[in-house]
Amino acid sequence: LLLSSNSKGTISCCKQQWRFGVFHICLCLCPRSRKTGQYNVQRCKAAGAAPGSSSGKTPYQRCSSQDSLDEQAMVDYFKEVEIIQRSGDAETQEEVQLKVADEGEQEEAWLMEAGLATLFDESASDGEDSIALLSTLTRTQAAAVERRVETLKQTLRKRNKPYSVPDVREIFKPASQSKVRAHIRPRISAVSSCVNEDMQVGGADAETDINLEVSFSEQALTYKEGLKVTQPQNEDFRVSQDKTGQTRVGDLSAEDMKKVRRLVLIEMSALFDTCGIEVKAHKALKVKVRESGLFGVSLSTLLEQDQRRIPGTKVPLILQHLMSHIEEQGLDTEGVLRIPGAATRVKAVCHELEHKFYEGVFPWQSLKQHDAASLLKLFIRELPYPLLTVEYFSAFISVLKLPTKKQQLQALNLLVLLLPEPNRDTLKALLEFFQRVTDHKDRNKMTLNNVAVVMAPNIFMCKGFRSKISEQQEFAMATGTANIVRLLVRYQNLLWTIPKFVLNQVRKHNMENQRKMHRDRAVKKLLKKMAYDRERASDKQEKNTEAEGGFIRVQAPQFSKVSMAVQLTEDLKASDVLTHFLSQERSPSVKREDLCLYEMGGNIKERCLDEETYITALLELNPSAEWVIKSVQSQKSS
């Protein structure tokens, strides 16, 4: 069977070449059996030799570029697929059954997840909060909401004819529709008047900056309309600098992170909508999975087990031990993730771990390097639900349909933020480990591309999904999934950043909620207390800035130095505040790396500040903020 693919990623069975970048490749893949997955991978003679090469020499060398996948890399991919299928993972485990959500059902679930259930169900309890959320949306985000509301409305009308669904028209009575228009349509004109001004970026460096201040979907619309058509020559993307500091996952309170997730869902959908890409969400039908053990157990169950032993565990202990073992034995072993361990030995070690790991008697010193790597990959494959989740699996695969590399990274950023916390923390630990592996590429021969093609089938060829695609579709996915893993590893520092435009929307959302609270008579008593607190805060701020001649008051209730005044200057950073605090703190046990300066109150619940944050710039954004130094460790445990 000779399979080929053109640059658009389509597959055909013919005597053609498979194009990857500047390479023309023919793969003769002869699957003896879908179950055994034994592939014979050979270079087709019809491919000929590369220009400038003699017939007696290998026409292609392993590519050193980290932005393209060469022939040898893809051969490694299919070898990994063969290894996976030969291993016969968990023959008795039931596959997760995937189902594409029906039209209408998908929109309803989306609106509920976005916190906008009141747009189709006025009995929902979060009506006021939904209105506050709608008031923060950009034009593209508002269009994404409107599109789903209209689709749901049309679907319900269709269902009403044959099935006579009771009270379906009440869901979209005029008051509800006017509410949508009142809070969405005005935002379209309001945002469109200023977005073009915000989108002006100049200079060659700006082309490779990931702009976090303007909505990604708005940037995509500007690109689509031809207002900015220059493509960056250098693809070493970076996050643009911001004086108010970068915000990472884990820096915000749980309450504000809930708002972030809702806004990110709307923004992700708006980005794909703007680019004309339809993403069908899957849902997992319930199946029986193991309720204890190590392999084939859900992340939530694993973490429950682990947290009973070590409170605060965020990444499964078995995965932590496997990664640590590989690193302790040295990352210089050639092909550390590529070369498989002996299948029978890996299977025996797997059973031994199940019985001895939690007892603390497993003989780690006898575990071979390649066996440990095989167990690590087995752990990922055996998760009953994919690491990237059933809900967003299709979205991850669709990322490469976006027209530019910058938009692909922006989409990955949003998708990472949408992952449930256990999945996101586990993915982060894996990507950091993969980066450490590639740091030793000169010795272990595991470049970024090598790691990507070896790990892609382990991450993407999950149970339930693979059984629903053809062999041709599987080959078509090969380069796509490998490229996604490569982007995840290479740009992981960017992907765990919360965009500033999302954080600004959270700030506005909080302010809208506070205004509505003021108008609620039921909380009159609370408002009096808040007014008193504001007066005290105002007095304190006035004292800090005027009476004290340009000082801010920093609280540190956990430490012996419970309060201190810091002079406010244009160049004052969060790092300077921490340095000043340490110079006065008497406790020798306090370490710099364990401390964080928090912005608290005003238009944010709390936020751990990046040390490069300029305090003056942040005060302009949140003039009512208070400043508190906390121990990061105690904050995590709480």
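Q: What is the relative accessible area of R147?
A: Heads-up: this is a predicted model, where local features need pLDDT of at least 70, side-chain atom pairs count only at pLDDT 80 or more, and totals for chains, interfaces and linings use all residues. Residues are numbered from 1 along each chain as its sequence is written, and side-chain values use heavy atoms, with hydrogens and water left out. Buried means under 20% relative accessible area, exposed means over 50%, and partly exposed is in between (1.4 Å probe, protein chains only). R147 counts as partly exposed because its relative accessible area is 40%.

Q: Which residue forms a salt bridge with D273?
A: A salt bridge here is a side-chain nitrogen of Lys or Arg within 4 Å of a carboxyl oxygen of Asp or Glu. D273 has a partner whose closest N and O atoms are 2.7 Å apart, and that's R147. The pair links distant parts of the chain, 126 residues apart, with D273 in helix α9 and R147 in helix α4 (residues 139-163). R148 joins these two in a network of salt bridges, but the partner asked for is R147.

Q: Where does K573 lie, given its salt bridge with E612?
A: E612 and K573 form a salt bridge, with the closest N and O atoms 2.8 Å apart. E612 lies in the loop between β16 and α24, so the pair ties together parts that are 39 residues apart in sequence. E612 is partly exposed at 41% relative accessibility, whereas K573 is buried at 19%. The place of K573 is the loop between β14 (563-567) and α23 (574-584).

Q: What is the hand of the disulfide between C596 and C608?
A: With a disulfide taken as a pair of cysteine sulfur atoms within 2.5 Å, C596 and C608 qualify at 1.9 Å. Both cysteines are buried. The torsion about their S-S bond is about 120°, so the disulfide is right-handed.

Q: Which strand holds C608?
A: The count comes to one disulfide. C596 lies in strand β15 (residues 595-601), so the pair ties together parts that are twelve residues apart in sequence, and C608 is in strand β16.

Q: Why is helix α8 largely enclosed by the rest of the structure?
A: Among the buried residues of α8 are F216, E218 and L221. Helix α8 runs over residues 216-224 and is followed by G226, whose phi is positive, near 85°. It is largely enclosed because the buried residues number seven of the nine.

Q: How far apart are the C-alpha atoms of L375 and F295?
A: L375 lies in helix α13 (residues 369-382) and counts as buried at 0% relative accessibility. L375 and F295 are 80 residues apart along the chain, yet their C-alpha atoms are separated by 9.3 Å.

Technical notes:
Helices (H or I, at least four residues) and strands (E, at least two) are DSSP runs, numbered from the N terminus.
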